[in-house]
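Here are a few notes to read alongside the model. Keep the sequence at hand and find each residue as it comes up.

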Amino acid sequence: SAKGNPSLAIAGIFGSKDFRSEVAEEEGWARVDHRGWCTREEVANLMGQSRCGLVVMHDTPSHREALPVKIFEYMSAGLPVITSSIPKWQSIVEEHGCGLAVDPLDVDEIAAAIEWIFEHPEEAKAMGERGRNAVEDHFRWSSQERKLISFYDKFLVK
């Protein structure tokens with residue numbers, strides 16, 4: 001949306017109608033564009049209209065060990081990524097210069113990161129390009145295939 005009045009687009013469904021109703025009562029819900037379930041094409045179109053991607057989940061033991069596919073989808077789409085400051089996630093966005101890491105419990109810090117993206121469009125675009133390049137160079141199967149086959153060749157008895 002326009003720089004002066006950004007909105008949050010959400011694709012997907014809520015775990016329960018009660019939770020959706022609870023969230024919809026929040027003041028900020030007026031600026032949320034909840035699309036519901038979307039096809040892959042619809043998600044791709046939505047990402048094409050977006051300024052950044054958010055992967056801001058709480059720091060739990062299962063999240064600490066996870067690498068959410070959504071981070072790589074946003075990177076692949078050329079979007080700067082705002083992630084939780086979970087060490088694995090933060091290291092990806094910092095190493096590749098493709099986003100910002102925030103405390104997922106600090107609403108002001110999350111808002112400041114989003115504002116930074118909107119206020120620095122050239123830098124944000126460069127972050128998105130670095131993310132896309134990182135996916136191409138480091139996180140695609142074709143870039144990892146030879147390494148894995150070489151590893152197997154060393155350890156498998158022929």
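1. Start with C98. This is a predicted model. In it, C98 has 0% relative accessibility, so C98 counts as buried, the cut-off being under 20%.

2. Now look at C52. Its relative accessibility is 17%. That value is under the 20% cut-off, so C52 is buried too.

3. How many disulfides does a search of the whole structure find? The count is zero. As a reminder, a disulfide is a covalent bond that joins the sulfur atoms of two cysteines.

4. Move to V81. C98 is among the residues that V81 touches, once residues up to four places away in sequence are left out. G53, V55, I71, Y74, M75, V93, G99 and L100 complete that list.

5. V81 also belongs to the largest nonpolar core, which has 15 residues. V55, I71, Y74, M75, V81 and W89 have the most contacts inside this core. Helices α4 (69–76), α5 (87–95) and α7 each give two or more residues to the core. The largest share comes from α4, with four residues.

6. There is a second, separate core of eight residues. C52 is one of its members, and I82, A113 and I117 are also included.

7. Finish with E123. This residue sits in helix α7, which covers residues 121–139. Is E123 buried, exposed or partly exposed? The relative accessible area is 40%, between the 20% and 50% cut-offs, so E123 is partly exposed. Along the sequence, E123 and P80 are 43 residues apart. In space, their C-alpha atoms are 9.3 Å apart.

Terms used
Residues numbered from 1 in each chain as written. Predicted model: local features only at pLDDT ≥ 70, side-chain atom pairs only at ≥ 80, totals over all residues. Heavy atoms only, no water. Buried < 20%, exposed > 50% of the residue type's maximum accessible area, 1.4 Å probe, protein only. Core = buried A, V, L, I, M, F, W, Y, C linked by side-chain atoms within 4.5 Å. Contact = heavy atoms within 4.5 Å. Disulfide = S-S within 2.5 Å.
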